[in-house]
Amino acid sequence: MKNSKSTFFLLLISLTLIVSIRPALAANQYSVNPGANFRWDATEYYYYKDGFGQDNPLSYTHHYFLEFNFTNWAGLSGAEYLNGTVNNNGTVYDGEISHDLYYFGTPSQNWVTPIIDTSNPYPVHVYLVCNTEITQTTKPQLQTLADNSWLTFGEAPTNNFSLTGTLIAGDETDIYTGNIRFNSDKVLSYVFDEMVEKDLGVTIYIWRYTWTLTYTAGTPPTPNGGGIPGFSIISIIAAITIGMYIVIRKKLGRNLK
């Protein structure tokens, strides 16, 4: 009888562990689903009043795009790697974009201003597709930058961040306007990142970046409890329960002989 009680409690513990496996594996799951398509179109605009000499301004506009077709998860839990096809400004290859920053595949100083970047004393990392990165990285880093500079941080509504400020030093005035937005699936949907400098009210330079998302959501997988592919968690528990029951019956039968 003692052995049967021990086996029963072992069974109970095993079932508890099984039930807890699914949320543990899904804890880092992104909100996006396979089949989703992401396309970010970016524009860099630069203007410098006397870039070619007195009264001869320098200005240019560069365009860049990043497109990703999400095909499947990598790994057992599907928590870390979004596999798919990447089109990086015309260069197409199979890859993944998990934990990648919004200036993906480009030199860090080419697609971000001196404010939102990863090299200043208070770096800001902005991710393409997020899970915990928004609350654990991007938001606190924006707040830290604002706390240690002349900028003001805001969030309205949720995951719609603003960073703005005006710095006056003698005749020069720097005006910064930043906006970073994520959609309901925690995908980066918009970036506006602009620095303007004026001298006695005259615009000396403008440095502006915009990123805009075109997004097609994927199809959620057929609910099966999140266990082994093709088997619901209920089916797995039932199978293991029956198996354990058979083992217990056999063991009890041997002990009674």
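This is a predicted model: local features need pLDDT of at least 70, side-chain atom pairs count only at pLDDT 80 or more; totals for chains, interfaces and linings use all residues.
User: Why is the pair of Tyr30 and Trp73 called stacked?

Analyst: Ring centres must lie within 6.5 Å to pair, and planes under 30 degrees apart count as stacked. The centres of Tyr30 and Trp73 are 6.2 Å apart and their planes are at 10 degrees, so this pair is stacked. By this rule the structure has 14 aromatic pairs.

User: What makes Tyr30 and Trp73 a tie between parts of the chain?

Analyst: Tyr30 lies in the loop between α1 (2–25) and β1 (37–48), whereas Trp73 lies in strand β2 (residues 58–74). The two parts are 43 residues apart in sequence, so the pair ties them together.

User: How do you know that the charged end of Arg39 sits over the ring of Phe65?

Analyst: One part of the rule asks for CZ of Arg within 6 Å of the ring centre. The charged end of Arg39 is 4.1 Å from the centre of the Phe65 ring and is listed as sitting over that ring. Arg39 is also linked with Asp41 and Glu67 in a network of salt bridges.

User: What makes Lys49 and Asp50 a salt bridge?

Analyst: Side chains of opposite charge can pair when their charged atoms come close. The cut-off is 4 Å between a side-chain nitrogen of Lys or Arg and a carboxyl oxygen of Asp or Glu. The closest N and O atoms of Lys49 and Asp50 are 3.7 Å apart, so the pair qualifies. Lys49 forms a salt bridge with Asp55 too, at 3.8 Å. The structure holds 6 salt bridges.

User: Why is Asp55 called exposed, and what is said of Asp50?

Analyst: Exposed means over 50%. Asp55 reaches 57%, so Asp55 counts as exposed. Asp50, with 27%, is partly exposed.

User: What makes the salt bridge of Glu155 and Lys139 a tie between two elements?

Analyst: The side chains of Glu155 and Lys139 meet at 2.7 Å, N to O. Glu155 lies in strand β5 (residues 152–155) and Lys139 in helix α2 (residues 133–147), so the pair ties together parts that are 16 residues apart in sequence. Glu155 is partly exposed at 29%, and Lys139 is partly exposed at 32%.

User: How do you know that β2 and β3 pair, and that β3 and β4 pair?

Analyst: Two strands pair if there are at least two bridges between them. β2 and strand β3 (residues 81–88) have 8 bridges, so they pair, in the antiparallel sense. Ala74 stands opposite Tyr81 in β3. β3 and strand β4 (residues 91–96) have 6 bridges, so they also pair in the antiparallel sense. Asn88 has Thr91 in β4 as its bridge partner. In the hairpin of β3 and β4, with 2 residues between the strands, Asn89 takes a positive phi near 60 degrees.

Technical notes:
Residues are numbered from 1 along each chain as its sequence is written. Side-chain values use heavy atoms; hydrogens and water are left out. Rings of Phe, Tyr and Trp (its six-membered ring) pair if their centres lie within 6.5 Å; planes under 30 degrees apart count as stacked, over 60 as edge-to-face and the rest as tilted. Helices (H or I, at least four residues) and strands (E, at least two) are DSSP runs, numbered from the N terminus. A charge sits over a ring if NZ of Lys or CZ of Arg is within 6 Å of the ring centre and within 35 degrees of the ring normal. Buried means under 20% relative accessible area, exposed over 50%, partly exposed in between (1.4 Å probe, protein chains only).
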